[in-house]
Amino acid sequence: MIISKGFQPKRARNDRLPPGQYETRDFPVLSLGPTPEVDLSTWKLEVRGLVEKPCAWSWQEFNDLPQENIVRDIHCVTKWSKFDTRWRGVSLDYLMEVVGVSPEATHLIAHSYDGYTTNLPLEDVVSGKAMVALTYDDAPIAAEHGGPARLLVPHLYFWKSAKWVKALEFVDADEPGFWEVRGYHNYGDPWKEQRYTND
Ligand SMILES: Nc1nc2c(c(=O)[nH]1)N[C@H]1C(S)=C(S)[C@@H](COP(=O)(O)O)O[C@H]1N2
Ligand SMILES: [Mo]
């Protein structure tokens with residue numbers, strides 16, 4: 001039997017597709033409301049809650065922090081997945097070190113300029129698993145995709161990646177966010193198809 005080499009990459013791609021997902025080359029936009037206007041001259045990112053040293057950075061200050069590049073697959077609960085998305089930003093590991101997250105902290109709540117919130121266990125934002133992204137594909141993140149800055153937690157469904165992020169709050173109890181209190185799964189692992197509350 002002759003096996004065309006052309007089939008290899010396709011099979012590899014399917015291994016990267018979580019159950020129930022399809023691949024798209026587009027970049028769909030999903031927001032609960034209109035894109036908020038975020039002025040770079042007043043933009044700031046606060047890191048607060050259970051930390052030794054709460055911090056707030058202006059746009060310029062935040063851009064001067066050490067940044068990393070990552071390439072990751074992303075998975076939306078509406079069933080599209082997009083492979084090899086390229087982002088640059090400041091890792092949560094770095095931010096957590098700067099503010100000194102208290103040992104009692106168990107969760108992170110992201111707050112956004114449109115009033116959106118989402119909750120994450122701390123272990124899901126450490127060890128290179130999350131960043132505050134400032135560029136997508138080497139360009140500033142488009143406003144509809146969360147620019148100037150969005151949280152990126154690519155191993156969970158994409159609703160956990162809060163767009164237009166304005167504050168990261170460390171807390172000692174889980175606090176379900178905007179979609180999590182409206183029927184989405186509290187954790188959102190695409191490989192376990194944790195789409196809705198009881199999945
Ligand atoms: N601030 C904010 N972040 C958000 C949302 C939102 O409405 N507001 N929507 C979430 C949802 S449900 C998804 S699927 C992704 C979509 O990101 P995209 O529009 O860049 O594809 O953003 C998430 N982050
Ligand atoms: Mo979504």
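Biologist: Which residue has a polar backbone atom 3.1 Å from a nitrogen atom of ligand 1?
Modeller: This is a predicted model, where local features need pLDDT of at least 70 and side-chain atom pairs count only at pLDDT 80 or more, while totals for chains, interfaces and linings use all residues. Residues are numbered from 1 along each chain as written, chains are lettered from A and ligands numbered from 1 in the order written, and side-chain values use heavy atoms, without hydrogens or water. The partner of that ligand nitrogen, in a polar contact (N or O atoms within 3.5 Å), is the backbone of S161.

Biologist: And the ligand's oxygens: how far is one from the side chain of H145?
Modeller: R150 puts a polar side-chain atom 2.7 Å from an oxygen atom of ligand 1. For an N or O atom in the H145 side chain, the distance to a ligand oxygen is 2.6 Å.

Biologist: How much of ligand 1's accessible area does the protein cover?
Modeller: On its own, ligand 1 has 530 Å² of accessible area (Shrake-Rupley, 1.4 Å probe). Of that area, the protein covers 98%.

Biologist: How many nonpolar residues are in the shell around ligand 1?
Modeller: There are 21 residues around the ligand (a heavy atom within 4 Å), with P28, D114, H145, R150 and K163 coming nearest. By class, 4 are polar and 4 charged, and the nonpolar count is 13.

Biologist: What kind of aromatic pair do W57 and F62 form?
Modeller: Both are buried (under 20% relative accessible area), W57 at 9% and F62 at 0%. Their rings (pairing means centres within 6.5 Å; stacked is under 30 degrees, edge-to-face over 60, tilted the rest) sit 5.9 Å apart centre to centre, with planes at 70 degrees. That pair is edge-to-face.

Methods. A polar contact is a pair of N or O atoms within 3.5 Å; within protein, one must be able to donate a hydrogen and the other to accept it, and residues adjacent in sequence count only if both atoms are side-chain atoms. Ala, Val, Leu, Ile, Met, Phe, Trp, Tyr, Cys and Pro count as nonpolar, Asp, Glu, Lys and Arg as charged, and the others, Gly among them, as polar. Rings of Phe, Tyr and Trp (its six-membered ring) pair if their centres lie within 6.5 Å; planes under 30 degrees apart count as stacked, over 60 as edge-to-face and the rest as tilted. Buried means under 20% relative accessible area, exposed over 50%, partly exposed in between (1.4 Å probe, protein chains only).
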